[in-house]
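User: I would like a close look at a single part of this model. Please keep to geometry and contacts.

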Amino acid sequence: MSLFRRSPQKAVISTATRRTAKDLRVGEAGTICCLEDPEMALKLLEMGCVPGVQVRLSGRAPLGDPLMLVLGDQEYTLSVRASEAATILLKE
Amino acid sequence: MAVTASSSATTAPQTGPEADARPLRIALIGNPNSGKTSLFNQLTGLNQKVGNFPGVTVDRKTGVAQLTPTQRAEIIDLPGTYSLYPKSLDEKVITDLLYDKAADNYPDFVVVTVDANNLRRSLLLFTQLGDLGLPAVLALNMMDVAERHGVNIDLPALERELGVPIIPMNARKGIGVAALKIVMAQRLDAPPVRFWQPDEQLLPLVRQLRYYFNLHNDYLALHYAQQYRQISFLSAEEKAHIQELTQQAGFDATAAQAAETISRYARINEILLETVTVVRTEKREPISNRIDKVLTHRVGGYLIFLAILFLLFQAIFAWAQYPMDWIDQGISGLSAVIQANFSGPLVRLLTEGVLAGLGGVLVFIPQIALLFGFLAILEETGYMARVTFLMDKLMRPFGLSGKSVVPLISGLACAVPAIMGARTIESWKDRMITIFVTPLMSCSARIPVYTVLVALVVPDQAAWGIFNLRGVALMSLYLLGLFSALGSAWALKKLLKARERSYFIMEFPVYQWPRWKNVALTIYQKVKAFVLQAGRVIMAISVLLWVLASYGPGQQQATAETQARQEAATKGWDAAETSRQVASARLETSYAGKFGHVLEPAIRPLGYDWKIGIALLTSFAAREVFVGTISTIYSVGQDADMGTLQQKLSAEKDANGQPFFTPARAFSLLVFYVFAMQCMSTLAVTYRETKSWRWPLAQLVYMTGLAYAAAFLVYQVLA
């Protein structure tokens, strides 16, 4: 399964180059590369967060968390907690 | 728009004697916000069975649809879901229904509602249903919006690819419903198309399960391997057997599920490439997103939410007052007419027992209708999801999640459906905390108590220019309930230990105008449930109480009356005072009076007398009984022209001839009702939802203890 990258902390890639949906600035978009947390991935996949799909951070809740993510060109909006968005890895 | 059943669904008109044996059974299934509820309402109208009370589940809404003049079908409305792998309790109902072909409720076929704007995600569920081999019709909803957004769907091609009839429709406006009914009236065959097959490596396990349980296809067998722990119709031995098999095969459920979902999406993308073209006519940000900029603004968002809540309370208190007054006066007018023209014990039973109780029920219809109407509008427009979003971070320190907000707000209407609503919360700990504290939110059954007592001691005047002082008092009571719920949640978070994680992923529905038909239907159903379910209890208790308050053991009442008359003669009271003293003496020596006196020592520190004691006792069946009870108690033996309840209460005097309901007593009673657990239905539903008596018992002890302590404090400070 290339979908999951297990134990990210021990992964070779340094955290500096790892970008997740949580790191997006408001209005910025990225493409989903893979999902880190197997259990969370099941839920995210069902909701349409499939590798290859574009995500755009359209806003944050007033207190900075949760986030509003717009998916693909389908223009539907998901609300996820920052901790959950951090499991969505983006392509470089 | 007329797309009829294509050749892919072999259709044979349902005639013949065996078809008439029972009506067709059809399940409605689809993603949340795909217009499923609208379609259900369009199909069934007022022929729905929805229960909010124990014994009847909210999860399985059923209704009857008249498909053709001669054919009816039973429609089951299933909770919205994204896939056949349930993530929350709510969604488990679906798998329980669809996996067991032998079940009584197993549907003949399913109608899958699909949002034409979200085809890719919606088809995930559809392909899973197709692979289970369920005959299906695809209701392609929100076609108008899709067309406006430049989504162009080649329907005949899509029908060919999916192998089922597709009905384009707009469920909100009812467009396409007639065509759908025609297709639904046919007997459908299982779809010929398969979208996905379990992996080669999985086949040995899948086949073992398939033959062991005699299942009709591989995909269903795979679901047994995935979900056997949660399937309610499997026995413990069967579960143990599946567990053994999956362990032997080294089955990784999570990886298998993820792989399945990804390859389904790949297949769906192929299908959509052939059948759907999107020409985005405008690059403008969708209206919904622009509304979100305002409604979820860092400051404005909360202010708007507060303003909406405030409007709600003003509406419940100020606007509802007019229709309530009409009903109140109508009932007391009727009662006066009857008493003026007839007499005898039966007439007294009718006016003092039945009518007084009935008035106590009917008078709250305007408030209940307004409250449920407001909540339905918030839900319908999609605003409720934004509230969840706004509140998540705020709720988390209390051990709650943003998803707890909807049960808590629904708790303002009734804790019973609200506690059931907590099923959407995936995390066990979050869910238990939400269930435990929801009854502290002031439900609509408390409105009668609040209304009567606030009106009694708070003057009807403006505060700070725009607000009504009574509205402010009412809002304070609601806030007291809210803060106690949050505080209790926080305490419980410290007590409960669970290392389970909580999720918050959810979709934002697009903003839309409320469908007034749905709002009206909700109001109608809730009011009907209140009048019939709660009303029956209130009526029965009112009549029983009248009997207990009118009759006493042996000759005690007669003796008391004689004593009162003698005292009146010696002290030279006038006729009115005499009859009041006599009535009071008779009530005190009645059965109800005896009960009240037994209770009095316990509640005297709170400022209550034995009459309130009787009301508290009957309130333990349901809070709203309080008003009916005091209405009955205070009208027994009173003058016929003693009209509304408020007049009756104001006329009540204490031993020194001062008004009995002082602010201290009224507020103590109000605070008691804010906290006390006085609802059998809530305890029953908590038991059902937590599957343990520990939780309802803890609620009962905790809330009633809190109520006693708080009421004691209030009375001692104010008196």
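User: Is the crossing of H29(B) and H31(B) left-handed or right-handed?

Analyst: The crossing of H29(B) and H31(B) is right-handed; a crossing is left-handed if the near helix is turned anticlockwise from the far one by less than a right angle, and right-handed if clockwise. This is a predicted model, in which local features need pLDDT of at least 70 and side-chain atom pairs count only at pLDDT 80 or more, while totals for chains, interfaces and linings use all residues. Residues are numbered from 1 along each chain as its sequence is written, and chains are lettered from A and ligands numbered from 1 in the order in which they are written.

H29 of chain B covers residues 663–675 and H31 of chain B covers residues 694–718. Such elements are DSSP runs numbered from the N terminus (helices H or I, at least four residues; strands E, at least two). The two helices pack at an angle of about 165 degrees, and their axes are 8 Å apart. Axes here are lines fitted to C-alpha atoms, for helices over the stretch in contact, and angles run from 0 to 180 degrees between N-to-C directions. H29(B) and H31(B) are therefore roughly antiparallel to each other (under 35 degrees counts as roughly parallel, over 145 as roughly antiparallel, 65 to 115 as roughly perpendicular and the rest as oblique).

On the H29(B) side, the contact includes B:Phe667, B:Val671, B:Phe672 and B:Phe675. On the H31(B) side, B:Met703, B:Leu706, B:Val714 and B:Leu718 are among the residues met. Contact is taken as C-beta atoms, placed from the backbone, within 7 Å. The residues of this contact divide into 14 nonpolar, one polar and one charged. In this division Ala, Val, Leu, Ile, Met, Phe, Trp, Tyr, Cys and Pro count as nonpolar, Asp, Glu, Lys and Arg as charged, and the others, Gly among them, as polar.

As for the setting, the domain assignment of chain B gives domain 1 (12–187), domain 2 (200–278), domain 3 (302–495) and domain 4 (537–718); the bounds come from an automatic or database domain assignment.

Chain B also touches chain A, through 36 residues from chain B and 30 residues from chain A. H10(B) gives the most to the chain B side, with eight residues. That side divides into 19 nonpolar, nine polar and eight charged residues. Strand E4 of chain A (residues 76–80) and E14(B) run antiparallel and are joined by three bridges, where strands pair if DSSP finds at least two bridges between them. Within that pairing, A:Leu78 stands opposite B:Glu507.

Notes
Contact = placed C-beta atoms within 7 Å.
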